[in-house]
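Hello,

Here is the structure I promised to pass on to you. Have a look at it first, and then read on for some notes about its charged side chains.

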Amino acid sequence: MIRKTALLAVLSAALLAPTMAAAPSTAATSVQTSRQTLSVAITAITPAVPRSPTDIIKISGTVRNDTGADMAGLQVRLRYDAQKLPDRAAMDAYMSDQSTATLPVNVSTRNSYMDLQPLAAGGTVRWEIQATPVQLGLREFGVYKIAVDVAQYRVPLQAERTFLTYAPPTPQKLPRTRLAVALPVIDQPHRATDDPVFVDDKLSQAIAGKGRLADLLRIAQSAPSSVTWFVDPSLLDDLNTMAKGYKVKTKDGDQSRPADPAAGRWLQDLRTALAAAPVVAVPYADPDLTALAHQGLDDQPNRAIALGGKKAKELLGRDVRTTINWPAGGLLDPDALDLLSVSDDKVDTVLLDAANLPATQQLTVTPDAASTLDSVEGPVTALVSDPGLSRLFEPETSTSLLLSTQRFIAETAMIAAEPGQTLPRSLVVAPSRRWDPNPTLVTGLLKTAKQLPWLQLTALETIKAGKASVPRAGLTYTDQNRREELSGKYLAPVKETAERAQLTALITATRPQSTFDAAVLRATSSAWRNSTRMGRSVTNAVSKAVTERMDRVQITGAGPDRPRTLAGSNGVVPISVKNASGAEIRIFIDVRSDDQKLLQVTYKQDDEPLSIGPGQSGTVQVPMNATPGTSGDATVTVQLRTADGKAYGKPQRLTIRTTGYTGIAAVIVGAGLTVMLAAVVTRVLRRRAERRRAASAGNRESETE
């Protein structure tokens, strides 16, 4: 029937040739229209990998007519090339050229074509064609070009290209390539501080339905246990907060939200899904490591790694690794690498983009993923992701699972069969870190990877540099890469806020790590590279919270309208500090005169700080000396300081009022005392004289009698 239909089509074309020649514009218009709106799609190829010369390869799909007019004379054909592709570059070239003029030239004349009945406008028809490796001229293991086109009167209109991997037994067993797949569960921060106040309400949408995080969970629930997951603990932290009730900032103020049970379920499901899988904790809030290294925030990466590990372990209920780092964009420079290597957890492995660590020479084969870098703390293993394979897990445009699977099979088969490769190599797949995955596609590719005989899925941590490693040029970090970082202008207020936040910890009796570590790290997140406005709002909120915390420790009675009186030329002035921080503090007080000519301060605090309990005040007595002959107001500056001399809060000015009682005051007082003493003596003498006179008079009266 197919052959008769084909013959009729040929005869019809021959009979209509004069008419078509007489009216070429009509045919040309039809062909042009069909090129734009007639589509052919391959929906199935079975088996995906034929292994015998006589395997029947069934290829099926659809043709859809969106031209707006009925179409006749359509035929679906399998086109192929019996010469296997030489390398992956040739594969890229074949897929990037979508012209019908460059399709494989061979068109099978047996069952590998199908004539279609007239197709109505808007209609879709299914097709199926068959072939065997023998019919296609395939003779050895390799990757071959195939395509399916739809033609009208033998003129190709549209085509779908793909690959066919033929895998008969080989004379020598192919080395199995070790494939590690790294998948990220990384998001942007949704809070500024540790308070349950969110800057947006995007998480509730992301974990529901077909949301991004819901899709990631679906992949985790079906992925092989060898897949390595990179999880941002700040995301888990935010979801854990949502599960308990939270607020969302809006233009009308903070709006309360009830506890979200979906957030709690998502967390629990993720714990279950990752229970047996390798998990790496991303540094908390995924900070922009290179920017931090370049802008002098050297202590933040270490804090992010430590806090990330702690939070991930707490919220996942299991141990996680923190010694593997996957930086933003997969890019590092030597400065950032050194910061990672000297962290307390001593990062010993980094996952990088291929452009960040290129080979020293042009290669004709796929290089091994593992290499070694030198850091200030010694060698660090660098794992370079394969860009071609990684793109298949996250295609730039929509593509079918079938075509992605055929490409994945072909890419990995080509790598396994590359000439001169006798040692097993390692490959790494790593899509972009904030990807929006297609769970059907990713799950299908992972399933395929498990089934291919030339692949062995393995955990990322098992890949080490070995004999198959190729020389690489070292870390390549361009000016464009640096421009993409968080800028110095952006990070300057973050740095200032971080320094002030650390002071709140330095004055406490136990000197713990700053309670603002998580908040500061959220402001340094690499997520703000493309959203600096949101990042600045987070920074401002953190800065405000730090200021409020610092203001809980204050000098009392400060201000020009509240002078302290120094009665005389010297004396002591009490200075008190109120502690409303909720924890015991130990602080030093520095007092300096603003004008040594008017007032001298002789106070020097001992090595022991002033200890003040929560809700209490502490006081020190500060000796002061006014310059003789002066009176009026003088000022002193009081600065609270930490044990290492860092200023805590803003300096406060106190007004000291002197009375001017100097040497002349002592003379006046002395003269007054002399006068008073003389008066007393005079009165005593007068009284004695009066008593004597009275006694004499009495004696005379007695004698007279």
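**Salt bridges in the model**

Arg500 is buried, its relative accessible area being 16%. Please keep in mind that this is a predicted model.

What does Arg500 pair with? Its partner is Glu496, and the closest N and O atoms of this salt bridge lie 2.6 Å apart. Both residues belong to helix α15 (residues 488-506), and because they are four residues apart there, about one helical turn separates them. Glu496 has 36% relative accessibility, so this residue counts as partly exposed.

As background, side chains of opposite charge can pair when their charged atoms come close.

The count for the model comes to 33 salt bridges. One of them joins Asp149 and Arg79, with 3.0 Å between the closest N and O atoms. This pair links distant parts of the chain: Asp149 sits in strand β7 (residues 142-152) and Arg79 in strand β3 (residues 74-80), 70 residues apart. Are these two buried or exposed? Both Asp149 and Arg79 are buried.

Another salt bridge is formed by Asp644 and Lys646, whose closest N and O atoms are 4.0 Å apart. Asp644 is partly exposed, at a relative accessible area of 45%, and Lys646 also counts as partly exposed, at 44% relative accessibility.

Enjoy exploring it!

Best wishes

Note on methods:
Residues are numbered from 1 along each chain as its sequence is written. This is a predicted model: local features need pLDDT of at least 70, side-chain atom pairs count only at pLDDT 80 or more; totals for chains, interfaces and linings use all residues. Side-chain values use heavy atoms; hydrogens and water are left out. A salt bridge is a side-chain nitrogen of Lys or Arg within 4 Å of a carboxyl oxygen of Asp or Glu. Helices (H or I, at least four residues) and strands (E, at least two) are DSSP runs, numbered from the N terminus. Buried means under 20% relative accessible area, exposed over 50%, partly exposed in between (1.4 Å probe, protein chains only).
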